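Hi,

Here is the structure I promised to pass on. Have a look first, and my notes follow below.

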Amino acid sequence: MSEQPTVEQLIAAAHARAGNDDELALLDAVIAVTRDLSGQADAAVDQVVRQVRAAGHSWTVIGEHLGVSRQAARQKYADRVDRLTEAPPAVGLIRGRDLQSGLSAALTAAEADGAAEAGTEHLLLGLLTDGVAAATLEKLGVTRDKIRDASRRLFEYPAATARAGDPVFSGEAKAALAAAEQLATERTPTCAPVVVNTPQLLAVIAVNPGSRARRVLNALGVDVADIKRQLHCYVNVPRTAFGRRTRRKRRPDDTSARCSFCGQPGSDERRLVAGPDVWICADCVVLCGEILAQPSDARST
């Protein structure tokens with residue numbers, strides 16, 4: 001192993017990098033040289049932490065060796081070592097930042113419960129972190145405390161001290177992620193990249209009657225139809241070249257006209273507003289207003 005460079009060697013390297021005797025140029029050069037060394041050291045630690053994680057060691061153990069807490073170690077290195085490799089996205093898919101945050105929060109929630117696996121009830125907790133799914137659940141009165149209370153009534157979790165290692169996603173959770181990715185693929189225009197976000201995952205786990213997440217929602221008295229209605233405009237864009245079906249011109253009183261967003265036909269009860277080869281129903285107008293009223297970070301998916 002090479003020895004650590006001395007101060008004289010660092011200054012000599014800075015002189016060579018500066019190329020002249022100007023003091024300010026030398027200062028810039030020595031800062032650049034030390035920054036390069038620091039970056040190499042960080043890269044080396046990242047690589048070894050990745051190897052340690054791949055070997056199955058927990059963040060608690062890694063934190064002890066780094067001289068920091070488990071939380072600090074995970075916060076600093078989790079994104080760098082790709083903690084979510086237990087359920088990798090399908091080829092050609094991109095996970096949005098809101099979904100990535102939600103998945104990470106789900107694993108953290110499972111760890112807090114002392115569970116070896118993060119189930120769909122933990123995914124439900126994670127979805128409250130950010131994005132459209134969080135706004136939808138909050139609007140329906142779903143909170144973290146309510147989910148935790150219902151989960152502990154419905155399911156048994158071991159003591160945290162009885163679990164070894166960090167949790168991974170359960171088979172049900174992995175299947176839900178795969179279904180969300182498939183939904184995103186089916187509902188993304190062919191001209192656009194396929195990005196899976198929190199609305200697709202919430203739609204999948206909410207409509208599955210046998211999932212642990214659905215059991216929690218049922219226990220909380222949440223009407224799944226309300227979730228589907230809130231998410232309709234996010235997960236029901238048809239997969240065509242430009243993301244919408246080809247339509248012929250229709251008269252406002254033509255009962256065959258359909259909302260361009262939810263696809264529901266027009267009627268006396270469901271009035272449609274006409275645009276240039278586009279229609280929108282009253283329900284979708286209300287939903288659009290609610291979405292636009294949300295904070296901008298909750299709408300970025």
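R95 is buried, at a relative accessible area of 9% (buried means under 20%, exposed over 50% and partly exposed in between, with a 1.4 Å probe and protein chains only). Before going on: this is a predicted model, where local features need pLDDT of at least 70, side-chain atom pairs count only at pLDDT 80 or more, and totals for chains, interfaces and linings use all residues. Residues are numbered from 1 along each chain as its sequence is written, and side-chain values use heavy atoms, leaving out hydrogens and water.

So what does R95 pair with? Its side chain meets that of E181 in a salt bridge, 3.3 Å from N to O (a side-chain nitrogen of Lys or Arg within 4 Å of a carboxyl oxygen of Asp or Glu). R95 lies in strand β1 (residues 93–95) and E181 in helix α9 (residues 171–186), so this pair ties together parts 86 residues apart in sequence. (Helices are DSSP runs of H or I with at least four residues, strands are runs of E with at least two, and both are numbered from the N terminus.) E181 is buried as well, at 7%.

**Other salt bridges**

The structure holds five salt bridges. In one of them, R212 meets E121 at 3.0 Å, N to O. R212 sits in helix α11 (residues 212–219) and E121 in helix α6 (residues 120–126), so parts 91 residues apart in sequence are tied together. E121 is buried, with a relative accessible area of 1%, while R212 is partly exposed at 28%.

Another joins D113 and R148, at 3.3 Å from N to O. D113 is in the loop between α5 (97–112) and β2 (117–118) and R148 in helix α8 (residues 144–154), so the pair links parts 35 residues apart in sequence. D113 is buried at 8%, whereas R148 is partly exposed at 23%.

**The chain as a whole**

The chain has 14 helices and six strands, and 39% of its 301 residues are buried. Of the contacts between residues at least 6 apart in sequence, 61% join residues at least 24 apart (contact means heavy atoms within 4.5 Å).

**Helix α2**

Two residues to look at here are L27 and D28. L27 is in helix α2 and is partly exposed, at 45%. D28 lies in helix α2 too (residues 23–54), and at 52% relative accessibility D28 counts as exposed.

Cheers
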